[in-house]
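Please have the sequence and the model open while I talk.

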Amino acid sequence: MSVPRLVIAAPSSGSGKTTVATGLMAAFAARGLAVSPHKVGPDYIDPGYHALATGRIGRNLDAYLCGPELIAPLFAHGARGCDLAVVEGVMGLYDGAAGQGELASTAQVAKLLRAPVVLVVDASSQSRSVAALVHGFASWDAGVRIGGVILNKVGSPRHEALLREALDEAGVPVLGALRRASQVETPSRHLGLVPVAERGADAVSAVAAMGAQVAAGCDLDALMALARGAGALSGGGWSAAEALSLPTHDHPSRLAEKREDDKNAVRQRPVIALAGGPAFTFSYAEHAELLDAAGAEVVTFDPLRDERLPEGTRGLVIGGGFPEVYASELGANEVLRKEIASLALSGAPVAAECAGLLYLCRELDGIPMCGVLDADARMGERLTLGYRDAVAVGDSVLAVAGTRMRGHEFHRTVVEPGAGEAPAWGVVAPARRVEGFVQGGVHASYLHTHWASEPGVARRFTERCRTS
């Protein structure tokens, strides 16, 4: 595969990666190019801005959740048929999973994709020192090719001239220089940027401003030439159908059932309702693609506005998001809450992650939720953040006991108790504990997982929906 591609990285968080990456996507899309947007790491929010800029699904590339071997195939899957791919990095260029070396870092993904890196540098408090900073990043790992720099938050024409002179001495090309601009700023709150789905026209305006700023301040022709210099990738793109044909962790006794289920899938496509809307914006696109390939009909609904589940719903997937922001509205939709509780009580498969876990509790900050779980949720004072290694404690609608998966936690809420009599996961790293709930057909947990790493999860869930 030879799609031109760039990785947008920075020395640290807060340097302006999202503004530059999203602006580049919008600027190149405005030129009529089909731009494929990608984000390193588990973040769900930035891909929403990327999708707005390009008109294509924003996809994640997470070497911890999915394994390094899936980075290039997942990239190729998303970039198929595109003229250019722009990959926004995470944190600082060489920052990855804590204590795991380069694993899950932007640098590792750039090497796996054989892609040149554009370093976004916050130049607001430096001049000639920028050359030493860039030189250090460029020479740290010979496998990482830094093809140029975009200077952000440049104060004046004189400041820009000093920066360019220093970098010219260092031999690193300056591919753009951006001044401060309030129009491109995006509001934040307790878990980062406010998602696109919550901002409406304001998000559209912000992305348009990013595109205009980058188009005016960057050499798009030079950036495209750099992107065309990316190395060729071997192998094809990831396919949900092909992934489902691989061996799974299911017991051998299930093999005959699977063959019969594959035949039945053509005749019967169970409806799986997927929560969406402003309160539930966190979902990896590959999950719905895997469910579809496994034989399900995936229908999105909005718990804030829809009083009924989609007609014929046989299973329910509720991903992450911000129910704490919309607790009053979710609580007021009593008709839907009762229908979800009834569906869960019937034994139908329900998979809930993080925000979905909160929604299934009795209440959230004193406001009634679905009451499926014998647990209460509230906002906490401490941010819980990090990768987790987990193992399924027992059989559930998602996995058989012993299935190992990697997940990510990102929340400022607390659920009490933190685990049911039958926990969802035994977390084995970084510290041992159990968490989550398996109750009838319900699997609810704080852990965000990426099903591309274990496609059998989607097959098993769809099978349970078909037979429940």
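There are three cavities of 30 Å³ or more here. By cavity I mean, on a 1 Å grid over the protein atoms alone, a set of points where a 1.4 Å probe fits but cannot get out; a pocket is an open set with protein on both sides within 12 Å along at least five of seven lines, and lining residues have an atom within 4 Å of a point. Grid points are joined across faces, edges and corners, and a volume is the space filled by probe spheres set on the points.

Before I go on: this is a predicted model, with local features needing pLDDT of at least 70 and side-chain atom pairs counting only at pLDDT 80 or more, while totals for chains, interfaces and linings use all residues. Residues are numbered from 1 along each chain as its sequence is written, and side-chain values use heavy atoms, leaving out hydrogens and water.

The largest cavity holds about 160 Å³ of space. It has 19 lining residues, and His287, Val317, Gly319, Glu353 and Trp451 lie nearest its centre. Strand 12 (313-318), strand 13 (350-353) and strand 21 (442-445) each give two or more residues to this lining, and strand 13 gives the most, with three. Helices here are DSSP runs of H or I with at least four residues, strands are runs of E with at least two, and both are numbered from the N terminus. By class, the cavity lining has twelve nonpolar, six polar and one charged residues; Ala, Val, Leu, Ile, Met, Phe, Trp, Tyr, Cys and Pro count as nonpolar, Asp, Glu, Lys and Arg as charged, and the others, Gly among them, as polar.

Now the second largest pocket, with about 610 Å³ of space. Of its 26 lining residues, Phe280, Thr281, Phe282, Ser283 and Tyr284 lie nearest the centre. Helix 2 supplies the largest share of that lining, five residues. The lining of this pocket divides into 16 nonpolar, eight polar and two charged residues.

Tyr284 also turns up among the contacts of Leu65, as do Arg406, His408 and His450; contact means heavy atoms within 4.5 Å. Leu65 sits in helix 3 (residues 63-66). Is Leu65 buried or exposed? Its relative accessibility is 2%, so Leu65 is buried, where buried means under 20% relative accessible area, exposed over 50%, and partly exposed in between, with a 1.4 Å probe and protein chains only.

Seven strands make an open, parallel sheet in the order 3-2-4-1-5-6-7. Strand 3 and strand 7 (174-179) are at the edges with a single partner strand each, so one side of each has no neighbour in the sheet. Pairing here asks for at least two DSSP bridges between two strands.

Strand 4 is worth a stop. Strand 1 pairs with strand 4 over four bridges, with Leu6 bridging to Val86. Strand 2 pairs with strand 4 over five bridges, and there Val35 has Leu84 as its partner. Five of the five residues of strand 4 are buried, so the strand is largely enclosed by the rest of the structure. Leu84, Val86 and Glu88 are buried on one side, and Ala85 and Val87 on the other. In a regular strand, side chains alternate between the two faces of the sheet.

Further along, strand 5 (residues 117-122) and strand 6 (residues 146-154) share six bridges in the parallel sense, and Val118 partners Gly148.

Technical notes. Lists of a residue's contacts leave out its neighbours within four places in sequence.
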